[in-house]
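Hi everyone, thanks for making time for this. Have a look at it first.

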Amino acid sequence: MAKTNPGRFFEDYSVGQVIKHAVPRTLSGGERAMYHALYPARHALYSSDQFAQDCGLPASPLDDLIAFHTVFGKTVPDVSLNAVANLGYAEGRFLRPVYEGDTLRSESEVIGLKQNSNGKSGVVYVRTRGLNQRGEEVLSYVRWVMVRKRDLDAPAPETVLPDLAKTVPASDLVIPEGLDFTNYDFTLAGEAHRFGDYEVGEIIDHVDGVTIEEAEHMQATRLWQNTAKVHFDATFRPDGQRLIYGGHVISMARALSFNGLANAQMIVGLNGGAHANPCFSGKTVKAWSEVLDKAETAAPGVGAIRLRLVATDGGTPGALKGEDGKYLPEVLLDLDYWALMPV
């Protein structure tokens, strides 16, 4: 009997299947230091205990995307080890901050299946929950991933496509307990721009760029314990290239967005996202954002701003799709999210 795990293939999934993922992970200041070494992340709430305490929190939380990558990484051996590519996200909500010392684990439910027309692969939809050591949900999201078939003659499952919300309603966003931006220090945060300074439809060019390095990508992928073969094994793809983990691009673009959105402090909702084109080492990632919506919250001094974050390898800020409706070849990421900002 084989002791090793080849990973699940498309025909191994069934709608309603619940997968409890190994291995729980206790987070520390090491993850924060490594995250800030990999990405030019400078948002003040995640950099300073004193700044966070002045905003009503007990200490500086770990970056929201540290929690996301950790929860995501747990799912890879069971969901996307044999993936061709991760395709998109929806219905993401960040439900409570994660602090140093918290232990996270993940559970996923298969909510949709669709075999591709070529019969060689199919798309698997899962809803994943991240839980802390007290069993509290810290985040949840849906993602869909293209997975290879083991047996090309295996019959196609019944197609089930989940009905996913296009956006997380502002009323469903969870504001961390105690968060208060009434005494927010804009000087220490790095920019004076507040909630009222942004207009729906506004395009913000974040100016800076970072060239993706193979070594840094591999460090990041190992850090989040993402074992997907396309990220590690150069022989797994016909072109002989290792695909850059999409989360690496997300974090890089989010960090670059500091220049123009330094006060978009906490990510609380993930409305949708697409890894529009593959990213490989050597590409220079730049980013721009579009303001899609704004909403008031019940928390003192706190507004919610909905942003489209686009990572590119060149091109013009604001240019997203061609006349055919398809993403332009230089677009790497199209991410729609809610963030909290001082009013």
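Let's begin with a question: is Ser-251 buried or exposed? Keep in mind as you look that this is a predicted model.

Ser-251 is buried, because its relative accessible area is 0%, and the cut-off for calling a residue buried is under 20%. You'll find Ser-251 in helix α7, which runs over residues 246-256.

So what surrounds this serine? Setting aside residues up to four places away in sequence, Ser-251 touches Tyr-35, Tyr-39, Leu-65 and His-69. With one of these, Tyr-35, there is a polar contact: the side chains of Ser-251 and Tyr-35 meet at 2.9 Å.

Now let's move to Tyr-39. Again leaving out neighbours within four places in sequence, Tyr-39 is in contact with Ser-251, as well as Ala-220, Trp-224, His-248, Met-252 and Ala-255.

That takes us to the core. The largest nonpolar core has 58 residues, and the members touching the most others are Tyr-39, Phe-68, Trp-224 and Tyr-337. Which helix gives this core its largest share? That is helix α3, residues 64-79, with seven residues. There is also a second, separate core of 23 residues, and among its members are Val-168, Leu-179, Phe-186 and Ala-299.

Let's stay with α3 for a moment. This helix is mostly covered, with 15 of its 16 residues buried. From its first C-alpha to its last, α3 reaches 22 Å, close to the 22 Å expected at 1.5 Å a residue.

Finally, let's zoom out to the whole chain. If you count the elements, you get eight helices and eleven strands. The radius of gyration is 20 Å, close to the 20 Å that the globule rule gives for 343 residues, so the chain is as compact as a globular protein of that length. Along its principal axes, the C-alpha trace spans about 65 × 50 × 40 Å.

How much of the chain is buried? Buried residues make up 54% of the 343. As for the surface, the chain exposes about 14300 Å², and 50% of that comes from carbon and sulfur atoms.

One last number, about how the chain meets itself. Take the contacts with a separation of 6 or more: 78% of them are between residues 24 or more positions apart.

Key:
Residues numbered from 1 in each chain as written. Predicted model: local features only at pLDDT ≥ 70, side-chain atom pairs only at ≥ 80, totals over all residues. Heavy atoms only, no water. Core = buried A, V, L, I, M, F, W, Y, C linked by side-chain atoms within 4.5 Å. Buried < 20%, exposed > 50% of the residue type's maximum accessible area, 1.4 Å probe, protein only. Helix = DSSP H or I, 4+ residues; strand = E, 2+ residues; numbered from the N terminus. Contact = heavy atoms within 4.5 Å. Polar contact = N/O pair within 3.5 Å; in protein donor to acceptor, adjacent residues only side chain to side chain. Rg over C-alpha atoms; globule rule 2.2 N^0.38 Å. Areas by Shrake-Rupley, 256 points an atom, 1.4 Å probe, with all protein chains shown as cover. Expected span 1.5 Å × (residues − 1).
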